[in-house]
Amino acid sequence: MSDFRSALASGRRIVFDGAMGTMLQTRGLAPGSNPEEFCMERPDILRSVHADYVRAGADVLTTNTFGGSRYKLPASLRVEDFNRRMAEEARRAVAESGTERRVFIAGSIGPTGKFLKPLGELSFTEMVDAFREQIRGLLKGGVDLLIAETHFDLAEIRAVAVAARREGSPPLALSMTYESGRSLTGSSVEVCAATLANLDADVIAVNCSAGPREMRDAALDLLRFSPAPVLIQPNAGLPLLRDGETVFPLGPEEFAQLTAEFAQPEHSGGVQCLGGCCGTTPAHIAVLKKALAGLPAPGPRPEQSGIALTSRSGIVRIGAGLPLRIIGERINPTGKKQLAAELRAGEFTTALRLADEQAQDGAAILDVNVGAPMADEVLCLPALVSRLHARVALPLSLDSSNMDAVEKALEEYPASALVNSISGEEGRMERMGPLCRDFGAPFILLPLRGGKLPVKAAERIAVLEDLLERMDSLGVPRRLAVVDALVLAASSNPEAGRECLAFITHCAEQLHLPVLCGLSNISFGLPARELLNATFLSLCVGAGLNACIANPADAAVADAVAAGNLLLGHDAGAETFIGRYAGRQDAPTARTPRDTPDRGTRGAPASLEDAVIAGRRETAETLTRAALDAGEDPFAIVRERLIPAINEVGRKYERKEYFLPQLIRSAETMQAAFAVLRPLLENDARTEERPVIVLATVEGDIHDIGKNIVALMLGNHGFEVVDLGKDVSAAHIVETAEARGAPLIGLSALMTTTMVRMRDTVDLIKAKGLKQKVMVGGAVVTEDFAGSIGAYYSGDAVEAVRLARSLLPAAG
């Protein structure tokens, strides 16, 4: 397996193969048939496809295991056996081809078709176990690397990486797919590149969903942001339907010309790995190989300084040459009786409010500490983390001495959280270092061991160097570490400030590691704490400090950060500083975290409409009951408040202000409010009959995520949804629509091999003389395709609601 890593390290360009599904179709795979079962029955056809790609010059063959997980394979196939067999067939095809070149085998791992909690029902452990099962089979079959491809959720591809780590850390390529620069769950290319780099991916990739023209922006972003070698695999254009068949419009010459452009050195040194996805053939790969032959070797990948922390939709970098970041400290039960009581009871109202307030006050990261007396951190920390990452876009810092609690919280978090912290405490580095490595979690190194505080800078340096050596021995990369400066109180140690500054300078200038500190310790026991904190912060920034843990509402700290970033050249055009202070007359009175009052419900949604838009379920339920208690008509609440609110959510989704997690959260919030009203609505004579729509994923297709989201949105907009699930025959769909008197049918398909089955339903409706109208959608479906089969096209769940309303027969 190290051979593939050696090939990457050599800097030579590596060409991957092209599509498998469309090639199998040309060799006997019937539309809607299962490609996994087909290849088990006809391995000779599978090997012939592989062999053609070898003859075309591909350096890497991809196994036919994209749907090889327990959640995708038909019951007739055992996961490990199937994946092992597919890997062996690819290896056999290389041997039979007679080539003398080294051809690598990549074990393909596609999405499960399931979402992790809280978006779906699967736990992280369940998903990792499923991927480990698949990976074991691939490794037994002799693959040289793993490639997780066409993934659309950062949390799921992260589970692939953790599974690969637990199965021996084979070479790993991680590939996401994007639309308009974002994954389905709202992650930008930069966020994905940083998260996957933290996971130590050998190759970071983009594939599918678009041809080389449509993929250009995402591909160039990936080349700009990825510190790892990059793989780009476009489709042969966007699929079209011609004479009843799905075709991809780009021929070999045009595809190769457009795709080879990514290898030009002006594009961040040029891509190292290229290949094809849907619609590409051995002919496409052969011409691409020739087009690359005369180009210069790829240049070095861009280096990223410091650490990168991510959420699903946000990224914060901490390091040299970057703005100073404030890590919000207020989610901590110390001195907060109400918060402590709630944490003991497993309630998070105050914690969520503090998160909202700190985000508004300018925190870049939120520190999360649930260490209240008698609170069960192993249960409490992951539960709160789950709520927080669904609510705020800021990355989180997991602050706990309980290592089991941190591990459970890392399983709940979908991206790269900060772990606070790893010290020289016996056994902590040995447990937490590999854990952070495997989860791609940057961490705070605390130069502390035993019971003695290291006062002198030299003492801290000695502890730090020992920790770094232990990291190296465990294979924990230094690029994940940020050092805690270990601020001590000046009131008890006059040298505290000077020694801390010397330590910061050493970390920044000699070790080239980012540094942060807990700021308020310096002023403990002294008057004018706000003055000391702000002054010391300014000195630390000059010495090389990159972040501080503080209250972002502390005006003196915020002022020092804003001024420091401007004066050190981290505020381009002084835009942030001017925006904050333009028109300021008098300096505000600074307040320290100690005397900042509890500000009640600042930032909480003020109305039921706001609660739905913000996705605040508990608040929406409370406000709905309050509206009923105030005498509001339940029908008016639905008609005048809930429906306009969810419509605004839809508009935000269309404007790309909201993404899938926010859309689902708001839809579920509206459902919660509606549940409060349902008993009153159902007992009222004014209740109107809801229009019925039948939804299904077509026969042969087992993907239903998109359909499920459409069902959720339609239900919120007054439709009665009859969801038949996935892999449903046209006969059953039409029969159900007839029986339920449904005027509308909605069909979903994810694969080019199955979208042609949508025509079956349309044709059956016509043959039976029925009047149902058919809506279609899915990743590969286009408006042209919909029109060609006599159906109506919807690009997403929000558009599906609007389309369904427009297709309803007129009343009367």
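**Labels and their grounds**

Modeller: Met 374 is exposed, its relative accessible area being 77%. This is a predicted model, as are all the features discussed here.

Biologist: Why is Met 374 called exposed?

Modeller: The label requires a relative accessible area over 50%. Met 374 has 77%, and therefore the term applies. Met 374 belongs to the loop between strand E14 (365-368) and helix H14 (377-389). Its phi is near 70 degrees, a positive value in a residue other than glycine.

Biologist: What makes Lys 656 partly exposed?

Modeller: The relative accessible area of Lys 656 is 44%. Buried means under 20% and exposed means over 50%, so a value in between is called partly exposed. Lys 656 is therefore placed in that class. The residue sits in the loop between helix H24 (634-654) and helix H25 (660-682), and its phi, near 65 degrees, is again positive in a residue other than glycine.

Biologist: How do you know that Ala 556 is buried?

Modeller: Its relative accessible area is 13%, and the cut-off is under 20%, so Ala 556 counts as buried. Ala 556 is part of helix H20 (residues 555-567). Between its C-alpha atom and that of Leu 154, 402 residues apart along the chain, the separation is 37 Å.

Biologist: Why are the buried residues of H27 said to lie on the same side of the helix?

Modeller: The buried residues of helix H27 (residues 730-740) are Ala 730, Ile 733, Val 734, Thr 736 and Ala 737. They cover an arc of only 160 degrees around the axis, and therefore they fall on the same side of H27. An α-helix has 3.6 residues a turn, so residues three or four places apart point the same way. Glu 735 and Ala 739, on the other side of H27, are exposed.

Biologist: What covers the buried residues of H27?

Modeller: The cover includes strand E21 (692-697), strand E22 (720-723), strand E23 (744-748) and helix H29 (758-767). Just after H27, Gly 741 adopts a positive phi of about 65 degrees.

Biologist: What makes E1 and E2 edge strands?

Modeller: Strand E1 (14-15) and strand E2 (60-62) each pair on one side only. They belong to an open sheet of eight strands with parallel pairing, in the order E1-E10-E7-E6-E5-E4-E3-E2. Within this sheet, four bridges join the parallel strands E4 (residues 145-151) and E5 (residues 172-176). Two strands pair if there are at least two bridges between them, so E4 and E5, with four, qualify. Leu 174 in E5 is the bridge partner of Ala 148.

Biologist: Which strands close into a barrel, and in what order?

Modeller: Eight strands do so, in the order E13-E14-E15-E16-E17-E18-E19-E20, with parallel pairing. Neighbouring strands there are turned by 30 degrees against each other on average, direction ignored. Helix H17 (residues 457-474) packs on this sheet and touches E16, strand E17 (443-445) and strand E18 (481-484). The direction of H17 makes about 135 degrees with that of E17.

Biologist: How do you know that E15 and E16 pair?

Modeller: Strand E15 (residues 396-399) and strand E16 (residues 418-422) are joined in the parallel sense by three bridges. Leu 398 stands opposite Val 419 in E16. Ser 421 is also placed in E16, and a cis peptide bond with omega of about 15 degrees joins Asn 420 to Ser 421.

Biologist: What is said of the faces of strand E11?

Modeller: Both faces of E11 (residues 307-310) are covered. Ile 307 and Leu 309 on one side, and Ala 308 and Thr 310 on the other, are all buried. E11 forms a hairpin with E12, with four residues between them, and their pairing is antiparallel over four bridges.

Biologist: Which residues have the most contacts inside the largest nonpolar core?

Modeller: They are Leu 174, Ile 232, Leu 384, Phe 443, Leu 445, Leu 537 and Leu 545, in a core of 171 residues. Helix H7 (residues 154-166) contributes the largest share, nine residues. Apart from this core lies another of 46 residues, among them Val 649, Val 710, Leu 744 and Val 798.

Note on methods:
Residues are numbered from 1 along each chain as its sequence is written. This is a predicted model: local features need pLDDT of at least 70, side-chain atom pairs count only at pLDDT 80 or more; totals for chains, interfaces and linings use all residues. Side-chain values use heavy atoms; hydrogens and water are left out. Axes are lines fitted to C-alpha atoms, for helices over the stretch in contact, and angles run from 0 to 180 degrees between N-to-C directions. Contact means heavy atoms within 4.5 Å. Buried means under 20% relative accessible area, exposed over 50%, partly exposed in between (1.4 Å probe, protein chains only). A nonpolar core is a set of buried Ala, Val, Leu, Ile, Met, Phe, Trp, Tyr and Cys residues joined through side-chain atoms within 4.5 Å. The arc is that of the directions from the helix axis to the C-beta atoms.
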